[in-house]
Amino acid sequence: MAEDKTGDDLLRVRGLRIGFGAGPTIVEGVDLTLAPGRLVCLVGESGSGKSLTALSLMRLLPSHAKIEAQQMRFEERDLLSLSETEMEGLRGDRIAMIFQEPMTSLNPVMTVGDQIAEALVTHRGSSRSEARDAALAMLERVQIPAAKERMRAYPHELSGGMRQRVMIAMALVCRPALLVADEPTTALDVTIQNQILTLIDELRSEIGAAVLFITHNLAVVAEIADEIAVMYAGRIVERGSRAAIFDDPLHPYTLALFAALPRRGDAGRKLACIDGQVPAPSAMPQGCRFAPRCPFAIEHCRQETPPLAALRPGHDVACWRAPIEEHMA
Amino acid sequence: MSVPLLVVENLTKTYASKSGLFRKSREARVVDDVSFILGRGEVFGLVGESGSGKSTIGRLVLRLIEADVGRIVFDGQDVRALDAGSLRKLRRRMQIIFQDPFSSLDPRMRVGEALAEPIRLHRLRESAAVGTRVEELLRLVGLGPEAMGRYPHEFSGGQRQRIAIARALAVEPDLIVCDEPVSALDLSIQAQVVNLLADLRAQLGVSYLFISHDMAVVRHLATSVGVLYSGRIVESGPAERIFADPRHPYTRMLLEASPIPVPREMSARKPMLGEPPSPYQTLPGCRFASRCPHAVDPCRASPPLLSAFDDGGRQAACIRAAELPPVALASDDESLMSEAYRRRLALLREARAGRVS
């Protein structure tokens, strides 16, 4: 991930900055690379900018949002210079998105079957009957029981888990190259979450789609990620393969997140908390943004922003003090 | 032995719904014959998925909604038999906090006033001492006295949850019903609130009825656990036994489905079948049978009773509970993580301890 690979990358974002109006920059200098078929988890807490980053790729931010990037390329297209019409042609076809709350993307007064079929009619010029056949096949694929009858159902007649499946069917029916999934299982019960994660994993290999999966849940990340990018206060602070992040975590914020997890054998023991709070966008500290909460911070951390650099092959971290054991001796 | 703080027996709640203008009304049994005991200073974790009835039980216990059938005995008093006046008095000793702290805080009331109000209402302090008590409460939940002059919206989600906890503590309750108190919080804030609840229990001896769908948090806090499925307790007993050797197939499914922060191959995960039945659906047998990998014909014929099957205080509503082989659950123990992970986490904990002291 660290090297500047070119060629077969599906999505390449360099130096993404997002702000609103004259306000402060909220996302600052985010780089993302996605190869076909890979699942990248963007991890962070509220206010980290992970959802803004995802929405900016879809160009779904409100009009007063300022999005800048040195590069924002998807399949040879420059996402920032596409017209709104061209972008509409891309959304739901080559790039699809699913959300935490399926009702935000489902039309309440349209049957499930028509909604899924509509994407094919719009983007692929399929006939009504072709589109309906494909919609039914997709509903069966996402394991909706009695799919034929459910084609005529309205979203409110379905359970939360079923709605999530319908939304996935709708997102994937055009076989997108990129699926952006923003906390798609956060509101679901664990048994249903398990089913949906399995489904997303199976479908991305069937379709060969890359997935950008946004979540704050490290247990979910451990289950599905190929690669992980950890965000804090608008910046990526660490990124690498799943094994790199879980076996060799380097950034103190990543460590702090791990330390806050209740694990077996912890009952009765205090969980490690992070002192203080995420800084407000208008009051970002100088230097490393995590420094005010970092127990390892030294003066240098508060003066100068650490670059996101490869400390190991394919494993980048933005910390002057990593790996910490080498600086503590 | 002293009487337990809370005894709940055969609690049942049914909602009737008219599904259409000319259709027959239907009955949904959302809580069905639920019994459990919460000891003093203990934490009873009520776990289950959405629609299992766990939040309804919390509200029934406080009589925020009325049960159809059943007994609720709080510190020897039959809660359902109390008149309005006695119930009001008892309510001081039973509090509730919610997932969304906004629902228990008046947005137009400054935090200091929100905490002082219940103290004055119940005449728990001389008026001159109320201010000191409010400061003490804020300190207890890790907030400074400057919080008194501010409004709830000026605080972050985690701080608001602390304020809601402080308000619940203001009346010096014996029991706090915690309804998903950490579910909406970020991981690092969740850890703070979990620690706070554990500290308050140790310092003040408060008991919790802790309602959650997060198995890891319940395992961390609860002393005993009741697992709800479709309105019924399907397994209950001491927390460590339930997490170490779950006996009911649904408890097993919940634990197997809960993701753990340890990388595994997707193929190592077990498929989870189906969804819970609708509460309107009446079934002759076990309500979990349609999703159960161990179901046999008798399971579908008559409902299994919650019954004791060992001498460790454990109960399960499953005719096969005693005979099922132990289940191999993937562990998320820190000792399984890499050496680098453990070494750096140890350094972090040391550094934090050094900084705090």
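**View 1. Surroundings of A:L178 in the predicted model.** Leaving aside residues up to four places away in sequence, A:L178 touches A:L10, A:L11, A:L34, A:F74, A:R94, A:I95, A:A209, A:A210 and A:L212. Here two residues are in contact if their C-beta atoms, placed from the backbone, lie within 7 Å. This is a predicted model, in which local features need pLDDT of at least 70 and side-chain atom pairs count only at pLDDT 80 or more, while totals for chains, interfaces and linings use all residues. Residues are numbered from 1 along each chain as its sequence is written, and chains are lettered from A and ligands numbered from 1 in the order in which they are written.

**View 2. The largest nonpolar core.** This core has 202 residues, of which A:L178, B:L209 and B:F210 touch the most other members. A nonpolar core is a set of buried Ala, Val, Leu, Ile, Met, Phe, Trp, Tyr and Cys residues joined through C-beta atoms within 7 Å; a residue is buried if 20 or more other C-beta atoms lie within 10 Å of its own. Helix α6 (residues 160-172) of chain A contributes the most to the core, namely 8 residues. Helices are DSSP runs of H or I with at least four residues, numbered from the N terminus.

**View 3. The contact of chains A and B.** Chain A provides 50 residues and chain B provides 46 residues. On the side of chain A that touches chain B, α7(A) supplies the largest share, 7 residues.

**View 4. Chain A.** Of the 329 residues in chain A, 50% are buried. The C-alpha trace of chain A spans about 70 × 50 × 35 Å along its principal axes. Among contacts in chain A with a separation of 6 or more, 64% join residues 24 or more positions apart.

Methods:
Helices (H or I, at least four residues) and strands (E, at least two) are DSSP runs, numbered from the N terminus. A residue is buried if 20 or more other C-beta atoms lie within 10 Å of its own, exposed if 12 or fewer, and partly exposed in between; C-beta atoms are placed from the backbone.
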